[in-house]
Structure formats: C-alpha cells, structure tokens
Amino acid sequence: MIKIQGLTFTYKDGARPALAGLELDIRDGEFVGIIGSCGAGKSTLTYALNGVVPHHYTGDMYGSVTVEGLDTVESSPEEISRYVGSVFQDVDGQMVSAVVEDEVLFGMENFGVPRSEIESRLEQALAEAGISELRHRATSTLSGGQKQKVAIAAIIALRPKIIVLDEPTGELDPRSSRRVFDTLRELNENHGITIVVVEQKIMLLCEYVKRLLLMDGGRVVLDGAVGDVLRQTEVFETAGVNIPRVATLARELTKLGYYSGATPTGLAQAETMMREVLGNG
Amino acid sequence: MTGLLDYVQGESFLHRLNPLTKLVLSFALCAAVFITDSHLIIIGILAAVLAFSAAAGTVSRSLRILSSLGKLSILLFIVQILFVRDGKVLLHLPFGLVITDSGVLFSLLFVLRFMTATLPLALMLAVTRISDLANVLVKSLHMPYSYAFALTTAIRFIPLFAEEMSGIMETQTARGVEFDTKNFFKKVRLLLPLCVPLLISSVRKTEGGAISAELRGFNLRKRNCGFREYPLRVADVLAVLFGVAVILTVSVF
Ligand SMILES: Nc1ncnc2c1ncn2[C@@H]1O[C@H](COP(=O)(O)OP(=O)(O)O)[C@@H](O)[C@H]1O
Ligand SMILES: [Mg+2]
C-alpha cells in the first residue's frame, strides 16, 4: 500500500519543485508504469517511495508519503527498505560487489536473513532473474543487461512487498528489455509483488503494465488503465511524450468513425483493430 | 598494471586456504626477505614463491610481474652500485666514480629484495578474492565493516577509473591533444585538467553506490552478519607453521 497526499518537494539547490502537489494511491499487487518527459519528476517520485527523498536528497517537503503504513519522513531508509526494494537507472553505480553472488548476498547479510535460508533464497533469486549461470562471474565483466538483472536479483532475494524501478532497461537492447519485463511480470503475477516501474519505452511498458501514469511538471496528469490513458493523446502532446503510433492511428480511425473499440496496447490488439477496420471498410 | 593485481579464479590449495592464512604467509615471506642478508636465501624464497604460483596456476603472471620489476631493477642496480664507495675497487670509471665488490653485493641484494618482496603480496592478491579478505578482516580481526567496505570499493573502482581515464584521453586525442609527448611536465600539464571530469563522474558513481548500499541495509550490518565462513583447516595450520619456520630460519642465519 502506497499513499501519497499533496506531495511537493523542492531539492535543496533546486530552482522549482521537482514534485508539485502529487497525489497517488497504489494498492497491493498492482503493476504500475510511469512515463513522462525528462525532468517530469519520475526519478524524484521513486526517491520519495524509498525514502531517499527526504533522507538522502534533502530539500523542502510538504504533504505525506505512507508506504506499508510507514511515514517516510519519520522512518529511516532502512526501515522503509524492508518493504520497498529499489533498482536504479545507473547499472554500474548501484553495484557494491565484485562478484555476482556477493552482490545478492549483500542485502541478505545486512538484513540478517537467517543463515539456513540464505543459500536457497540466493539460488531462487538468481533463477527468477534468469541469471543462475552468472553466479560466480565478476560483475565488471557483465553486459549492461546482465548487470541490470543482477541488481534485480539482489532485490528479489530480499523479498520486498514492493519493487520500484527507475528506467531499468535504459541501457538494454529490445530483447533484454523484454526479458527484464518478463521477470517483473512473473514477480507480479506469481508472487503478488507490487511493481512500480518508470520506463521510456512506452510500447513495451503498455504491453506489460495494467495501470499507466503520465507525469508532467511534478504531477500525475493521467492515471488509469492503459487503454484509457492512451486515448488522451492531447494530454500526451502537452506533456511532451510521444505516443505510440498505433494509438494515434486508433484515435484518427475513431474520429473518422471507422473504429470504436479500445486503444490497442500491443501487437495482437493492433491486428484485431486493423482487421475490424478493414472488415468494415 | 591493473590486470597484474586482480583475482585469478581457481581451485588450487592456495585458493582454498583461509584468506587470513594467505595474508600472514605472504607477510612472513615478505618480512623474511628483509630480515636476511643472504642472497641465496632470497633466491630460495623467490623460487619457493614461483613454485607456489605454479601450483596456483598463476606462474605466467608472476613472471610478467617479475619481468616488469626487472626493468626497473636494472635502473636501481646501476644507481645503487655507483653510490657505494667502500670495499675493494673493481673498476675505475670517469668522474671519479668507482665500482667496488661490496657495491656489487649490496646492489644485488637490494634489487633481489625489491623483486622478491613484491611477489608474495601479488600472489596473495591473485589467489584471494578481495571480498573474502575483507570479510575475514571484519570477522577475525574485528576491523569495522565500513573500512572493509571502503577498501573493497576502492579496489573495485581502480579498473573503472582506468577505463574512464582512457576514454577521456581518447576523445581528447581525437581533438588533437598529444598525450604521447615524451616531456614529463608537458604530459602532467595535459593530464591534470582531465582529473576534474574524472573526479566528478566518479563521485557521481560512488554516490549511486552509497544510496544503493544504504537501501540494502548497509547501516544495519553487524560484525557477525557475514554469511561466508572461513574455518581454519589443517592446511592453514601447516601454512602458518611454514611461514614461522621461514622467519626463524632467516633470523638464525
Ligand atoms: N539532485 C538534484 N538536485 C537538484 N535538482 C534536481 C536533482 N535531481 C533532479 N533535480 C531536478 O528535479 C526535477 C525532476 O527531476 P527528475 O525527478 O530526475 O525527473 P525525471 O526522472 O522525470 O527525468 C528536474 O527539474 C531536475 O533538474
Ligand atoms: Mg529520471
């Protein structure tokens, strides 16, 4: 459970608020995607969820953020991180160990996971992230995609209720990006972990998440089921985010009266739409 | 140079020794080299360390280290030999310089020490993962975890720095900056401004690491949190006894 009310945050040396009156409720087990142009406040929102704001990056903060009943201002980042696992954009920067296995052990050791459980959790986390064979590799020899999966495995091993990811596929090719999202979907569906993911690749995001948020100027300007959100193409234009061409196409076809269904969010649905349109015409 | 100091994966008996044992043994061999005044004993230690390297499968690396130290040693040898003036004169050189018998022996001892003292430490780094070393320092010697963490992080960052530095130098070279100048002072003047961007990007990287470590409970860590165990086995006892024996031998002779 995440509840954000009237959150306004200005970085200590920031000119204007990075978040401006943000409201957000996320229930257990949701899979939420966040998009927005550069500087919209997406990263700052992820920091607000894991306590990096206001504990590490200080500044002026108004409003409240409650995560699993913890007020993030009153709780330490360690307390919050018992519930929220975070994966950051910079894959190299977030590594703390020279070997994959140690990277996954690090958090478990710190949080005092019982000795008897560590080995099985380690194996499971590596398997879920799809990197069992990398267990003994040096982190410095891995590709960007592999490193990102190591970062995810290190979080999975801690069994958080919520995982927050900031552009986890930023440096990955399309295929590795899909694999990361497959892992996230698996965690969400089979383990009931709440996933909040910031992502630039809008088509990819729409294919996986159930709920989509569009951010602009430190606020959530659109929030809803993927199809409903994609329909609001004008808001996307104002926010400076390119909408998938298939969504623009759907809007035009709807305007012209050829189509009346939901906005497609993936290839299969786009095909259905085109069949319907061509069948009619 | 970075490639000469990092860990070489393996399953040899040296790899499997307790990290603490390896630390003690390498320091013992190192100390022995400085205690003894005998050329033969130092050569014996050198041979023993090379034999250990061979057993650990890192002999080619040890030889590479030795050969790069060798080049420096020739220089050191020449400088040293000209400084010693007592003993029987073997050769008169221009400018009143002389080469004496004790000069030769002393300079030889000097470079043998220099080369032999480096090898055990390099070998230890080749067969011990830094994280294991840090873990055992925390567990057994009660070093604060944050120090051990700083140590491993610093060592992990060396190749990253080097990579970044060469990246920056490449772009600058492409812009026409001549880094391959032979003039030392000119080179320093060219390299100095690069340190600022390097420092900024490094600080940014370490900041990300600090946040990521904190969010994974870094501050909650206690001394006995480490999952890995480092038991002392019979082999460890024997290795330490060997180190003690070497020290005793060189002290007596
Ligand atoms: N550490 C910081 N200090 C000061 N200002 C920052 C800092 N990080 C981000 N900002 C500012 O906050 C705003 C939102 O940034 P960010 O959350 O990173 O956006 P996004 O992730 O959507 O690109 C931007 O105007 C940015 O310049
Ligand atoms: Mg960002």
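The buried residues (under 20% relative accessible area, 1.4 Å probe, protein chains only) of helix 2 of chain B are Pro19(B), Leu20(B), Thr21(B), Lys22(B), Leu23(B), Leu25(B), Ser26(B), Ala28(B), Leu29(B), Cys30(B), Ala32(B) and Val33(B). The model is predicted, with local features needing pLDDT of at least 70 and side-chain atom pairs pLDDT 80 or more, while totals for chains, interfaces and linings use all residues. Residues are numbered from 1 along each chain, chains are lettered from A and ligands numbered from 1 as written, and side-chain values use heavy atoms, without hydrogens and water.

**Exercise 1.** State why helix 2 of chain B counts as largely enclosed, and find its packing partners.

*Solution.* 
1. Of its 17 residues, 12 are buried, so the rest of the structure largely encloses the helix. Helices here are DSSP runs (H or I, at least four residues), numbered from the N terminus.
2. These buried residues pack (heavy atoms within 4.5 Å) against helix 1 (13–16), helix 3 (39–56), helix 5 (101–127), helix 6 (130–139) and helix 10 (234–252) of chain B.

**Exercise 2.** Describe the surroundings of ligand 1.

*Solution.* 
1. The shell (a heavy atom within 4 Å) holds 13 residues, the closest being Gly39(A), Gly41(A), Lys42(A), Ser43(A) and Thr44(A).
2. Helix 1 (residues 42–50) of chain A contributes the most, three residues.
3. An oxygen atom of the ligand lies 2.8 Å from a polar side-chain atom of Ser43(A).

Methods. A polar contact is a pair of N or O atoms within 3.5 Å; within protein, one must be able to donate a hydrogen and the other to accept it, and residues adjacent in sequence count only if both atoms are side-chain atoms. Helices (H or I, at least four residues) and strands (E, at least two) are DSSP runs, numbered from the N terminus. Buried means under 20% relative accessible area, exposed over 50%, partly exposed in between (1.4 Å probe, protein chains only).
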